[in-house]
Amino acid sequence: MNNLTIIIPAYNREKTIKRALDSVIGQIDEIAELMIINDGSTDATGEIAEQYKEKYPQKISYFEKQNEGVAATRNFGITHAKSDYIMFLDSDDYIENNLIKQLEKYMNENIDIIKFKSQCVNDNNELINKIDGPVFDSIIGQDAFNKLAFSDILIDSPCLYIFKKELFIKNDLFFREGTYHEDFGLIPLVLIIAKSIVSLDLYGYYYVQTDNSITRNNDYKKTIKRFEDCLLHYDNMLEFISKFDFSNQTKQNLKIYYTNAILLKLKLIQKQDRKQYIKEIKQRNIIRNIKAKNIKQLLKRIILTVNINWYLKLIK
């Protein structure tokens, strides 16, 4: 069944895009379309993509657009994909050489979302670590989110799933452009709306970790923007779940999931600037999302209520 579009956004990736493309070309017969979207690159990324397009004109779609960022580029891919299923591949990573064949069964079974696992490697393809997570047969999206939310650190990575395209289109779910943490803002919502999700014990995605790819943030203005964007994603989540009859457990877990991220981001804000953002948190009643299941958590909950700055000293 050739009903999958693999979407590769690319911006100035002349040194890595061949590796990403070759990992797909080896299984090109298993997919309907390989879509390369050049997000305004100023290096040879476009020339390389066009060379592959010439070799596989029936399979590869190539687009050029002005630089708008990965969120807008992925959204472009979603709306232009020809297939019922879509998958995202970052242009500096690559996939297992028989991944699609192993996932074909679940697309044939009409599963809404198919999840697989990732392993980190260096530029020499040497394993750094494998990232584990829950494995389960087909369950509804809400139950899948509730299983994944607090036990899979890459739950919000769009590259570790095959999605039915209609989940995005029919529910008007797209990456929030112009924001940081756009994956965090979107993917949990796509998961809970799905009718069926499987999570496989299959390490199919290779995340290439280099000195340049390890997140560094020396720009304090970006730190502020990241925190503010987390609040924006939280507000968007509340608006979205108000439109559907999700279970109380799902709504509670979503709020906890977003709240934990917001508090971790708040810890990065300098103390002299925290006051205004603590006010934002209190205005949203975010603190009440933290639940206490034991005495230790209860004490933290009390501290959080009394003084958020004290609480931030307790979390990692």
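1. Start with helix α3, residues 70–80, in this predicted model. Eight of its eleven residues are buried, so α3 is largely enclosed by the rest of the structure. The buried ones are Ala 71, Ala 72, Thr 73, Arg 74, Asn 75, Phe 76, Gly 77 and Ile 78. What do they pack against? On the strand side, the partners are β1 (4–10), β2 (33–39), β3 (60–65) and β4 (85–88); on the helix side, they are α6 (165–170) and α7.

2. Now step back to the chain as a whole. You'll find twelve helices and ten strands in it. The chain has 316 residues, and 52% of them count as buried. If you take contacts between residues at least 6 apart in sequence, 78% of them join residues at least 24 apart.

3. Next, the nonpolar core. The largest one has 92 residues, and Ile 6 and Leu 34 are the ones with the most contacts inside it.

4. From α8, the residues involved are Arg 226, Phe 227, Cys 230, Leu 231, His 233, Tyr 234, Met 237, Leu 238 and Ile 241. They meet Lys 251, Leu 254, Lys 255, Tyr 258, Thr 259, Ile 262, Lys 265 and Leu 266 of α9. Sorted by class, this contact has eleven nonpolar, two polar and four charged residues.

5. The other pair is α5 (residues 141–148) with α7 (residues 182–193). Here the axes come within 6 Å and cross at roughly 135 degrees. Are these two helices parallel, antiparallel, perpendicular or oblique? They are oblique to each other. Gly 141, Gln 142, Phe 145 and Leu 148 of α5 meet Pro 188, Leu 191 and Ile 192 of α7. The residues of this contact divide into five nonpolar, two polar and no charged.

6. Is Lys 115 buried or exposed? This lysine sits in strand β6 (residues 113–121), and its relative accessibility is 2%, so Lys 115 counts as buried. Its side chain is joined to that of Asp 152 by a polar contact of 2.9 Å. Setting aside neighbours within four places in sequence, Lys 115 is in contact with Leu 148, Asp 152, Leu 160, Tyr 161, Val 198, Ser 199 and Leu 200. Leu 148 in that list is also one of the α5 residues that meet α7.

7. Last, have a look at Gln 102 in helix α4 (residues 99–108). With a relative accessible area of 33%, Gln 102 is partly exposed. Its side chain makes a polar contact of 2.9 Å with the side chain of Asn 98. What separates the C-alpha atoms of Gln 102 and Leu 202? These residues are 100 apart along the chain, and their C-alpha atoms are separated by 8.8 Å.

Notes. Residues numbered from 1 in each chain as written. Predicted model: local features only at pLDDT ≥ 70, side-chain atom pairs only at ≥ 80, totals over all residues. Heavy atoms only, no water. Axes fitted to C-alpha atoms, helices over the stretch in contact; angles between N-to-C directions. Helix = DSSP H or I, 4+ residues; strand = E, 2+ residues; numbered from the N terminus. Parallel < 35°, antiparallel > 145°, perpendicular 65-115°, else oblique. Contact = heavy atoms within 4.5 Å. Nonpolar A, V, L, I, M, F, W, Y, C, P; charged D, E, K, R; others polar. Buried < 20%, exposed > 50% of the residue type's maximum accessible area, 1.4 Å probe, protein only. Polar contact = N/O pair within 3.5 Å; in protein donor to acceptor, adjacent residues only side chain to side chain. Core = buried A, V, L, I, M, F, W, Y, C linked by side-chain atoms within 4.5 Å.
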